[in-house]
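Hi there,

Here is the structure I promised to pass on to you. Have a look at it first, and then read my notes below.

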Amino acid sequence: MSVSAIGYGLGSRQTPKRPNALRLILGNAVTTHDSDHDEVIELRCNLDDLTPEHAASAMEALLAAGALDATLTPTVMKKGRSGWTLEIICHPELADALSELILRETSAFGVRRHAMQRLILERHHRMVETPYGPIAVKVGLFHGELFRNHPSFRCAEAAAKHGVPVRLVHAAALRGIAS
């Protein structure tokens, strides 16, 4: 809140052991940069009897269904069994559908949910010209200040098309960003 005025007043009533006083604060709500925050849900489960192929397939299905991010982390479970921790970040409106998809696509018997807020960069893409054709670059801004400039992994497609290593296309895209 942006405070515009503060007023104090004293009443005439006698109130033993406490003052008869009033303080009033007048102000306006300050708008925040809502574009740098959003509400997300983290979905998490441990999987101890899922093959790597099935785990990867489940993760791909979750991303295709709208998960913002997905990770599979190898872990050691109770009784020394190897397993996975599957973590998904999604918008709240997709949490139920993605939880159900986790139960369908994996060996999980339950899904833990955590509501959280995340700070994010404003994102957009721009194209840079390279000897291998145009390459998309993800741009990240924070309050208008450039924080990130990163070529997309589509560099691999251009590399395959031109028969060169991905690192050469990536380096050419970085040079395109700098110019």
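A word on terms before the surface: patches are made of residues with over 30% relative accessible area and no salt bridge, where like charges are joined within 9 Å and nonpolar side chains (Val, Leu, Ile, Met, Phe, Trp, Tyr) within 5 Å. A salt bridge is a side-chain nitrogen of Lys or Arg within 4 Å of a carboxyl oxygen of Asp or Glu. Accessible areas come from the Shrake-Rupley method with a 1.4 Å probe, and for residues only the protein chains shown count as cover.

This is a predicted model: local features need pLDDT of at least 70, side-chain atom pairs count only at pLDDT 80 or more, and totals for chains, interfaces and linings use all residues. Residues are numbered from 1 along each chain as its sequence is written, and side-chain values use heavy atoms, leaving out hydrogens and water.

V3, I6, Y8 and I25 make a nonpolar surface patch of about 420 Å². Strand 1 (residues 2-10) gives the most to it, with three residues; strands are DSSP runs of E, at least two residues, and helices are runs of H or I, at least four, both numbered from the N terminus.

Now for a loop. T106 is found between helix 2 (95-105) and strand 6 (112-119). Its side chain reaches the backbone oxygen of I102 at 2.6 Å, and a polar atom of that side chain lies 3.1 Å from the backbone nitrogen of A108.

In another loop, T130 lies between strand 7 (122-128) and strand 8 (135-142). The T130 side chain reaches the backbone oxygen of G133 at 2.6 Å.

Happy exploring!

Technical notes. A polar contact is a pair of N or O atoms within 3.5 Å; within protein, one must be able to donate a hydrogen and the other to accept it, and residues adjacent in sequence count only if both atoms are side-chain atoms.
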